[in-house]
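Work through the exercises below with the model open. Try each task before reading its solution.

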Amino acid sequence: MGGAPSGILAEPLLRGPVHEEHGLACRLSTRPAMRRAHRHDDVELALAVGGWVEHEHGGRRLRVPDGTLVVSWGALPHRVGAAADGAAVRWLTVPLADALEWDVEGRLTGPLLGGGRHVLPGRAADADRFARWAADLAG
């Protein structure tokens, strides 16, 4: 899984992760740090923009540099625990069924379903691409 341990899985149930419904969605979080973890049934792509963010996923904490993309399965409790001043997160969720169809050999989804995450260097155009997807999905 990678990263240092976090207390995300030790939170009491009433204060613990919230289940959310996203489906195919894309947004910009300009205040990315979250007080509570959440979970959902989708594969999530999260791009750090404008500074580092601390990604907590499945009990593991990882500092994600600006411009880095993290891909994970949202069913495990996760959140952005902290962020640099001015940092934001552009995120895209893809329904698990669609991700499984696209990934016939399981190279992407296999490790995710096992609790792992992919950490990939971003490209200069990624933030613009996420912005276009958000506009397209908004209507």
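**Exercise 1. Find the polar partner of the glutamate 44 side chain, then describe its surroundings.**

Step 1. The side chain of glutamate 44 makes a polar contact with the side chain of histidine 40, at 2.8 Å. A polar contact is a pair of N or O atoms within 3.5 Å; within protein, one must be able to donate a hydrogen and the other to accept it, and residues adjacent in sequence count only if both atoms are side-chain atoms.

Step 2. Note the basis. This is a predicted model: local features need pLDDT of at least 70, side-chain atom pairs count only at pLDDT 80 or more, and totals for chains, interfaces and linings use all residues. Residues are numbered from 1 along each chain as its sequence is written, and side-chain values use heavy atoms, with hydrogens and water left out.

Step 3. Glutamate 44 sits in strand 5, residues 42-49. Strands (E, at least two residues) and helices (H or I, at least four) are DSSP runs, numbered from the N terminus.

Step 4. Check the charge. Glutamate 44 is buried but has no salt bridge. Arginine 117 is the nearest side chain of opposite charge, 9.8 Å away. Buried means under 20% relative accessible area, exposed over 50%, partly exposed in between (1.4 Å probe, protein chains only). A salt bridge puts a side-chain nitrogen of Lys or Arg within 4 Å of a carboxyl oxygen of Asp or Glu. Lys and Arg count as positive, Asp and Glu as negative; His and the chain ends are not counted.

Step 5. List the contacts (heavy atoms within 4.5 Å). Beyond four places in sequence, glutamate 44 touches His38, Val70, Val71, Ser72, His78, Leu92 and Thr93.

**Exercise 2. What is the strand order of the open sheet, and which strands stand at its edges?**

Step 1. The open sheet has 5 strands in the order 3-10-5-8-11, with antiparallel pairing. Two strands pair if DSSP finds at least two bridges between them.

Step 2. Strand 3 (25-29) and strand 11 (117-121) stand at the edges. Each has a single partner strand, so one side of each lacks a neighbour in the sheet. The twist averages 15 degrees from one strand to the next.

Step 3. Take one pair. Strand 3 and strand 10 (residues 88-95) are antiparallel over 5 bridges. Cysteine 26 has leucine 92 of strand 10 as its bridge partner.

Step 4. Helix 3 (residues 126-138) lies across strands 3, 5, 8 (68-73) and 10, at about 55 degrees to strand 10. Axes are lines fitted to C-alpha atoms, for helices over the stretch in contact, and angles run from 0 to 180 degrees between N-to-C directions.

**Exercise 3. Which salt bridges involve aspartate 126?**

Step 1. Arginine 123 forms one with aspartate 126, the closest N and O atoms being 3.6 Å apart. Arginine 129 forms another, at 2.9 Å, N to O.

Step 2. Arginine 129 and aspartate 126 are 3 residues apart in helix 3, about one helical turn.

Step 3. Aspartate 126 is buried at 8%. Arginine 129 is partly exposed at 24%, and arginine 123 is exposed at 59%.

**Exercise 4. Locate leucine 76 and name its contacts.**

Step 1. Leucine 76 lies in the loop between strand 8 and strand 9 (78-83). Leucine 76 is partly exposed, at 25% relative accessibility.

Step 2. Excluding residues up to four places away in sequence, leucine 76 touches His38, Arg39, His57, Gly58 and Gly115.
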